[in-house]
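Look at the sequence and the model first, then read on.

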Number of protein chains: 2
Amino acid sequence: MGKSYIRHFNANAIFHRIRIEPNVSQRDIVARTGIDKSVVSSIINQFSELGLVERNPVATSNKPGRPMEGLTISPESGLIVGVQIEADTIGYVAAALDGIPLSSRAQAFDGKLDGVADLVAQGVKEIVAECGRTSDTLGVGISLPGLLTDEGVLLHAPVLGWRGVPVVDMFSEALDAPIFAGNDGKAAAMAEYMFGECIDIKDFIYLFSGSGVGGALFLDGNIYRGASGLAGELGHIKVVPQGRYCSCGASGCLSPYLSEPGLAEEIDRLTGNRPSSFKDIMERADANDEVVVGVLDNAGAVLGSAISSLVNIFNPPLVCLGGDMASAEPYLRPAVERAMQRLAHPSMSVQTKVIFSQLSTVSPFLGGVALALDGVTGLDSPHVLP
Amino acid sequence: MGKSYIRHFNANAIFHRIRIEPNVSQRDIVARTGIDKSVVSSIINQFSELGLVERNPVATSNKPGRPMEGLTISPESGLIVGVQIEADTIGYVAAALDGIPLSSRAQAFDGKLDGVADLVAQGVKEIVAECGRTSDTLGVGISLPGLLTDEGVLLHAPVLGWRGVPVVDMFSEALDAPIFAGNDGKAAAMAEYMFGECIDIKDFIYLFSGSGVGGALFLDGNIYRGASGLAGELGHIKVVPQGRYCSCGASGCLSPYLSEPGLAEEIDRLTGNRPSSFKDIMERADANDEVVVGVLDNAGAVLGSAISSLVNIFNPPLVCLGGDMASAEPYLRPAVERAMQRLAHPSMSVQTKVIFSQLSTVSPFLGGVALALDGVTGLDSPHVLP
DNA sequence: ATCAATTATTCTCATAACAAGAAAAATATC
DNA sequence: GATATTTTTCTTGTTATGAGAATAATTGAT
């Protein structure tokens, strides 16, 4: 472990402290992080010279003594771009270094690998132009629906049909900025940690549902990736012995009970009328369609069972549910709570809060922004979050 | 993060490198750890002056050049003692700093809290006398069947009936050496990492069975304790919906299917003849008692299901099964493998090795030694492993 | 036996970081 | 305006790492 590591670690801690708590004073940073005042002062000076943070006069406090300087991330100091590639759309967000979105848009996508790098390069250029800032683009984070190796190769993205694509190299060639690629579930968890409901919470379990079910284990302030990067694929927790078949080949996984295709399939089986989208499912539920409400309730029960296992394993302070689940909260929550009551270790579950996060629906594509921000400011600047 | 932290971190890495691979050269330490040669040299000199490591001439290699110095942990440099408190026995081991046991013994114990500190103090004194070394006792690690807070308070040990006992303070008063206390499952996992089948493996899941089922999550080179220290209580994973009742109050936990009391209970229910001990269960199985073999096979199936969930969550390279399970390997393994075949995500389970470890039966009480060694050489010297 | 080649370890010196305390800056109250 | 108070910066000292030169200890060739 080198010594510049310490500087980097401390600088990173201070940066995010300012991001999370705008207008903190150096004094408070010292109090919260335990870093020595000299070091904080020195790092803030460095940041200040780089134009990264600004010192703002703060309204008088009616206390004697030199007034504190409020520190904020300078909005003009740089841009980061988040890109989210899905089966049929590509989403873009441009944001300042504090992570606050400036502009966003989505474009239709045919899923073809051919020419996607240039397509994304064009999209990034446009979203940057749209945001109205002229600062440098310091990083582009790309959230992908599949697992990646440490070297930035997308191993397999089932919904896109891509296999063994060296995404970091590919996009690096087409885009004139550092590329940070990552799995969509892990990127979304990082976004929750940086901008969402899990802000500054060092241990939580993240689950999200959409065309599939993904997730991440956020442990000790970091995504746990495991020895080979596949840890946290929570869509494949076993929930029903000899249950439904999953696209992964096994049976009884959580994914086919909770994903949009899984729900649609089940509703189709029961009514002969297959919903066209998750929005369609929600509309039927809102119209009091008993079958749909029943299917969602069952999904909630299965979800609650999975959460119970996770609670018993990790004893986390927080379980965060995102994606489609957040919209379906009214239909899922009662069943989730019933299941947890029955299944989770009582002395553990009392310590666990289960929340549904709207982040990914309210401001989508933030996963890529989180990847880029983590990459730009991060410790070892990994360009990949497998 | 301070700078002395780096020194400590590097020193620790070098110490354990020497412990794990006796007679390494400085050159190889550099190659394996990435620490700079100057730093390795400086730290080795420090260790050498403290009498902590020895430089041994190594048999000539027929290669040109200055021959390497073999480095070993000096056996005379200090003693550590491991203590394991169970329901009816207290076990002691004295070991050198390399972790190699010098003497061990067990004594009967009535489980009474009153006077236990003096009892243990006496036991430690005797085991140290017995080992024949006069070096200082640098630390005593105490493995306890319950969960501890960061401050060294044993919250609850069901088998002992203890609650809210400030064990670190209590034993520190009675014993003239630094005390490191910890949960038995986590201590056993640490022992596997330091001395056993999981040596030097940075990510593994540990499960052990005995009077209960415990475990630990060993992630990124450390026991994951979670936000409130209860993480890794794998005995309470849900395996059977609406299954047997567990001492924890919930139903369907792994513990009642795999622990000695759980197995005995089931065998009693089926035969009316309750085994008196795990050894008794094994003897009946070895004598081809079909009921007992069937009960063990069922336990294996349940265990396999739990392991499958863990594999799908962590994608670990290794799952290590210790305690009574190791002795029952022939009766458990087939069912475990069958269950995993059926339940675990194939692309994950191919990466996972499941092993049964004899460590805790062959040389018991090493958990305490691991606690003490970790405490003595550890980074932040936590006196507790909750 | 001596010298060159080779390999392992130590030493030297430059650079970087933290850490404690003094000093300075900026304000409120008396 | 003096004093107390609070926040930030500067000074100085200590301790690390890290690159490269130097040293030490051996083998094999001359």
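## A hairpin in chain B

His156(B) stands opposite Arg163(B) of β9(B). The two strands involved, β8 (residues 154-157) and β9 (residues 162-165) of chain B, are antiparallel and joined by 3 bridges. Strands count as paired if DSSP finds at least two bridges between them. Helices (H or I, at least four residues) and strands (E, at least two) are DSSP runs, numbered from the N terminus. Between β8(B) and β9(B), which form a hairpin, there are 4 residues, and Gly161(B) in the turn has a positive phi of about 75°.

This is a predicted model, in which local features need pLDDT of at least 70 and side-chain atom pairs count only at pLDDT 80 or more, while totals for chains, interfaces and linings use all residues. Residues are numbered from 1 along each chain as its sequence is written, and chains are lettered from A and ligands numbered from 1 in the order in which they are written.

## A sheet in chain A

Strands of a sheet pair through backbone hydrogen bonds, either parallel or antiparallel. In chain A, 5 strands form an open sheet with mixed pairing, in the order β13-β12-β11-β14-β15. β13 (222-223) and β15 (353-356) of chain A are at the edges with a single partner strand each, so one side of each has no neighbour in the sheet.

Within this sheet, β11 (residues 204-209) and β14 (residues 318-323) of chain A pair in the parallel sense over 5 bridges. Tyr206(A) has Cys320(A) in β14(A) as its bridge partner. Helix α6 (residues 184-195) of chain A packs on the sheet, where α6 touches β11, β12 (213-219), β13 and β14 of chain A. Two residues are in contact if their C-beta atoms, placed from the backbone, lie within 7 Å. The direction of α6 makes about 50° with that of β12(A).

## Helix pairs in chain B

Two packed helices are described by the angle between their axes and the distance between the axes. Axes are lines fitted to C-alpha atoms, for helices over the stretch in contact, and angles run from 0 to 180 degrees between N-to-C directions. Helices α9 (residues 278-286) and α10 (residues 290-314) of chain B pack at about 115°, and their axes are 7 Å apart. In α9(B), Ile281(B), Arg284(B) and Ala285(B) meet Val292(B), Val293(B) and Leu296(B) of α10(B). This contact of α9(B) with α10(B) has 5 nonpolar residues, no polar ones and 1 charged. Ala, Val, Leu, Ile, Met, Phe, Trp, Tyr, Cys and Pro count as nonpolar, Asp, Glu, Lys and Arg as charged, and the others, Gly among them, as polar.

Helices α1 (residues 4-20) and α2 (residues 26-33) of chain B also pack at an angle of about 115°, with their axes 11 Å apart. Ala13(B), Ile14(B) and Arg17(B) of α1(B) make the contact with Ile29(B), Arg32(B) and Thr33(B) of α2(B). By class, 3 of the residues in the contact of α1(B) with α2(B) are nonpolar, 1 is polar and 2 are charged.

## Where the chains meet

How many residues does each chain give to the contact? Chain A gives 37 residues and chain B gives 37 residues. On the side of chain A that touches chain B, α1 (4-20), α10 (290-314) and α13 (346-349) of chain A are the elements that give two or more residues. The largest share, 6 residues, comes from α10(A). This side of chain A has 19 nonpolar, 13 polar and 5 charged residues.

## Chain A overall

Chain A has 15 helices and 16 strands. Its C-alpha atoms fill a box of roughly 70 × 55 × 45 Å, taken along the principal axes.
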